[in-house]
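The report that follows takes up the nonpolar cores, the metal site, a pocket and several individual residues in turn.

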Amino acid sequence: MSASAVQGSPKASPIHVEDLHHAYGSVVALDGISFEVGPGECFGLLGPNGAGKTTTILAIVGALRPDRGWVAIQGERDPTRPAVRSRIGVVPQSIAVYADLTGEENLAFFGTLYGLRGARLRERIEMALEFAGLAERRKDRASTYSGGMQRRLNIVCGLLHDPQVILMDEPTVGVDPQSRNLIFENIEALKRLGRTVLYTTHYMEEAQRLCDRVAIVDRGRVLALDRVEGLLRLAPVERPDLEAVFLHLTGTTLRDR
Ligand SMILES: Nc1ncnc2c1ncn2[C@@H]1O[C@H](COP(=O)(O)OP(=O)(O)OP(=O)(O)O)[C@@H](O)[C@H]1O
Ligand SMILES: [Mg+2]
């Protein structure tokens, strides 16, 4: 993806989340989440089912107004303002592409929503098809795509406008190792271009490969936040991996009973 000028306040963190609280009725989803993501950083939100990862992303993009706390994107407190919104790319947890449209038509649709037109839109669509490994299947309906292809299309639909700040909510769920590897390579390419990425997952090895820093979250709280090497020191085992740290901090009780 091509580089474009960094907008907003150059000194402010691309993403700043401060003391977010939110309840859905009696269910407390966020219970005081705070973190900051630096420019060009890939930051992992790692947590079990129901930890509050998606709710945090919804608050960051302004799709949900938290009960308490605030978010800022490059220093701007209102992420719904068009000027701020255009700097954010979101890859939703649920696949959001249209099954009856072809890959190319989906990209044209999302690109138009982001305000792209004419030659710029066509250029971004070509780039996205290459990026996602979908150039040869561009004329086929998304309903005929494999799970991995649909995931890859879902990702590039959120990146067409070349956003500076990218929020990816479990982008690799249900894909095979080949698709997963391509997605990782794409995220690494975005990092090289200086994009800031917030990445949620419950796969430890993903966080370990991709993320500069990781927050382990559970029950709406940040339990630990550090570089992966720092987190590894928290596990009370001889040869720690992130999974051991994760289970040590979040326990072994099932979350989806
Ligand atoms: N719209 C909603 N109405 C009621 N409860 C909700 C709603 N959305 C989320 N919750 C609850 O809020 C808590 C946090 O959910 P959230 O989706 O943010 O977690 P998550 O970390 O994204 O989980 P997962 O890994 O399963 O995607 C959970 O207990 C969930 O059941
Ligand atoms: Mg989620």
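A nonpolar core is here a set of buried Ala, Val, Leu, Ile, Met, Phe, Trp, Tyr and Cys residues that are joined through side-chain atoms within 4.5 Å. In this predicted model, the largest such core has 46 residues, and those with the most contacts inside it are Leu46, Leu107, Leu153, Met168, Tyr199, Val214 and Leu242. In soluble globular proteins, nonpolar side chains tend to be buried together.

The metal site is described next. The magnesium ion (ligand 2) is coordinated by the OG1 atom of Thr54 and the OE1 atom of Gln93, at 2.0 to 2.2 Å. These two residues are 39 residues apart and link distant parts of the chain, since threonine 54 belongs to helix 1 (residues 53-61), while glutamine 93 is in the loop between strand 5 (88-91) and helix 3 (103-113). Threonine 54 counts as partly exposed because its relative accessibility is 29%, and glutamine 93, with a relative accessible area of 32%, is partly exposed.

The largest pocket has a volume of about 240 Å³. Its lining is formed by Ala59, Gly62, Leu64, Arg65, Pro66, Gly69, Trp70, Val71, Arg77, Asp78, Pro79 and Thr80, which divide into six nonpolar, three polar and three charged residues. Strand 4 (residues 68-73) gives the largest share of this lining, namely three residues.

Arginine 213, in strand 8 (residues 213-218), touches Glu36, Val37, Gly38, Glu41, Cys42, Phe43, Gly44, Leu225, Asp226 and Arg227. The C-alpha atom of arginine 213 is separated by 30 Å from that of tyrosine 114, which is 99 residues away along the chain. Threonine 196, in strand 7 (residues 196-201), is in contact with Pro14, Val37, Gly38, Pro39, Gly40, Glu41, Gln164, Val165 and Ile166. Arginine 213 is partly exposed because its relative accessibility, 21%, falls between the limits of 20% and 50%, whereas threonine 196, at 3%, counts as buried.

Backbone geometry is the last topic. Most residues other than glycine have a negative phi. Glutamine 74, in the loop between strand 4 and helix 2 (82-85), has a positive phi near 45°. Glutamate 170, in the loop between strand 6 (165-169) and helix 6 (177-192), likewise has a positive phi near 45°. Both residues are buried, and the table gives their relative accessibility with that of threonine 196.

| Residue | Relative accessibility |
|---|---|
| Threonine 196 | Threonine 196: 3%, buried |
| Glutamine 74 | Glutamine 74: 5%, buried |
| Glutamate 170 | Glutamate 170: 6%, buried |

How values were computed
Residues are numbered from 1 along each chain as its sequence is written. Chains are lettered from A and ligands numbered from 1 in the order in which they are written. This is a predicted model: local features need pLDDT of at least 70, side-chain atom pairs count only at pLDDT 80 or more; totals for chains, interfaces and linings use all residues. Side-chain values use heavy atoms; hydrogens and water are left out. Donors are N, O and S atoms within 2.8 Å of the metal (3.2 Å for Na, K and Ca); water is not among the atoms, so sites may look incomplete. Helices (H or I, at least four residues) and strands (E, at least two) are DSSP runs, numbered from the N terminus. Buried means under 20% relative accessible area, exposed over 50%, partly exposed in between (1.4 Å probe, protein chains only). On a 1 Å grid over the protein atoms alone, a cavity is a set of points where a 1.4 Å probe fits but cannot get out, and a pocket is an open set with protein on both sides within 12 Å along at least five of seven lines; lining residues have an atom within 4 Å of a point. Grid points are joined across faces, edges and corners, and a volume is the space filled by probe spheres set on the points. Ala, Val, Leu, Ile, Met, Phe, Trp, Tyr, Cys and Pro count as nonpolar, Asp, Glu, Lys and Arg as charged, and the others, Gly among them, as polar. Contact means heavy atoms within 4.5 Å. Lists of a residue's contacts leave out its neighbours within four places in sequence.
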